Amino acid sequence: MESIIYYLYSINIVVFVVYGMDKLLAKLRSWRVPEVGLLFLAAIGGSVGAYVAMHLFRHKTLHWKFKLSVPLLFVIQVALGVYLRS
């Protein structure tokens with residue numbers, strides 16, 4: 001259980017940083033992280049980091065894929081955690 005918590009902390013920090021870097025790269029008109037990559041990171045446990053970064057950096061907040069997917073992934077991940085814990 002402890003390793004899962006460390007994983008979740010780690011992946012969410014990584015996702016937060018990647019979303020922030022993608023926003024910076026967008027401003028610089030440079031190479032970007034593909035949207036599928038950003039959503040994949042949220043799907044593998046980084047939904048909290050993705051959601052916080054989206055709103056803090058105002059990044060991808062107008063894209064319906066992100067507005068719907070990231071909160072939905074969070075709900076699914078919480079439900080999975082509750083199910084596995086019981």
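Q: Which helices each supply at least two residues of the lining of the largest pocket?
A: In this predicted model, the helices in question are α1 (2-27), α2 (35-56) and α3 (64-85).

Q: Which helix gives the most to that lining, and with how many residues?
A: Helix α3 does, with eight residues. The lining as a whole comprises 20 residues, and those nearest the centre of the pocket are Ile4, Leu8, Gln77, Val78 and Gly81.

Q: How much space lies in the largest pocket, and how do its lining residues divide into nonpolar, polar and charged?
A: The space amounts to about 580 Å³. Its lining divides into 14 nonpolar residues, five polar residues and one charged residue.

Q: How many residues does the largest nonpolar core have, and which of them have the most contacts inside it?
A: A core of this kind is a set of buried residues joined through side-chain atoms within 4.5 Å. Here the largest one has 14 residues, and the most contacts inside it belong to Val15, Tyr19, Ala42, Ala50, Phe66 and Val70. At least two residues of this core come from each of α1, α2 and α3. The helix that gives the most to the core is α2, with seven residues.

Q: With which residues is Val15 in contact, leaving aside its neighbours within four places in sequence?
A: Setting those neighbours aside, Val15 is in contact with Leu41, Gly46, Gly49 and Ala50.

Q: Is Val70 buried or exposed, and in which helix is it found?
A: Residues are called buried under 20% relative accessible area. Val70 has a relative accessible area of 0%, so it is buried. Its place is in helix α3.

Q: With which residues is Val70 in contact, again leaving aside its neighbours within four places in sequence?
A: The partners of Val70 are Tyr19, Leu39, Ala42, Ser47, Ala50, Tyr51, Met54 and Lys65.

Q: How many salt bridges does the structure hold?
A: The general idea is that side chains of opposite charge can pair when their charged atoms come close. This structure holds three salt bridges.

Q: Which residue forms a salt bridge with Asp22, and how far apart are the closest N and O atoms?
A: The partner of Asp22 is Arg32, and the closest N and O atoms are 3.1 Å apart. Because Arg32 lies in the loop between α1 and α2 while Asp22 lies in helix α1, the pair ties together parts that are ten residues apart in sequence. Arg32 counts as partly exposed, at 30% relative accessibility, whereas Asp22 is buried, with a relative accessible area of 0%.

Q: Which residues are linked in a network of salt bridges?
A: The network links Glu35, Lys60 and Lys65. In the pair of Lys60 with Glu35, the closest N and O atoms are 3.1 Å apart. Lys60 lies in the loop between α2 and α3 and Glu35 in helix α2, so this pair ties together parts 25 residues apart in sequence. Lys60 is buried, with a relative accessible area of 9%, and Glu35 is partly exposed, at 22%. In the pair of Lys65 with Glu35, the closest N and O atoms are 2.8 Å apart. Since Lys65 belongs to helix α3 and Glu35 to helix α2, the pair ties together parts that are 30 residues apart in sequence. Lys65 counts as partly exposed, at 33% relative accessibility.

Notes. Residues are numbered from 1 along each chain as its sequence is written. This is a predicted model: local features need pLDDT of at least 70, side-chain atom pairs count only at pLDDT 80 or more; totals for chains, interfaces and linings use all residues. Side-chain values use heavy atoms; hydrogens and water are left out. On a 1 Å grid over the protein atoms alone, a cavity is a set of points where a 1.4 Å probe fits but cannot get out, and a pocket is an open set with protein on both sides within 12 Å along at least five of seven lines; lining residues have an atom within 4 Å of a point. Grid points are joined across faces, edges and corners, and a volume is the space filled by probe spheres set on the points. Helices (H or I, at least four residues) and strands (E, at least two) are DSSP runs, numbered from the N terminus. Ala, Val, Leu, Ile, Met, Phe, Trp, Tyr, Cys and Pro count as nonpolar, Asp, Glu, Lys and Arg as charged, and the others, Gly among them, as polar. Buried means under 20% relative accessible area, exposed over 50%, partly exposed in between (1.4 Å probe, protein chains only). Contact means heavy atoms within 4.5 Å. A salt bridge is a side-chain nitrogen of Lys or Arg within 4 Å of a carboxyl oxygen of Asp or Glu.
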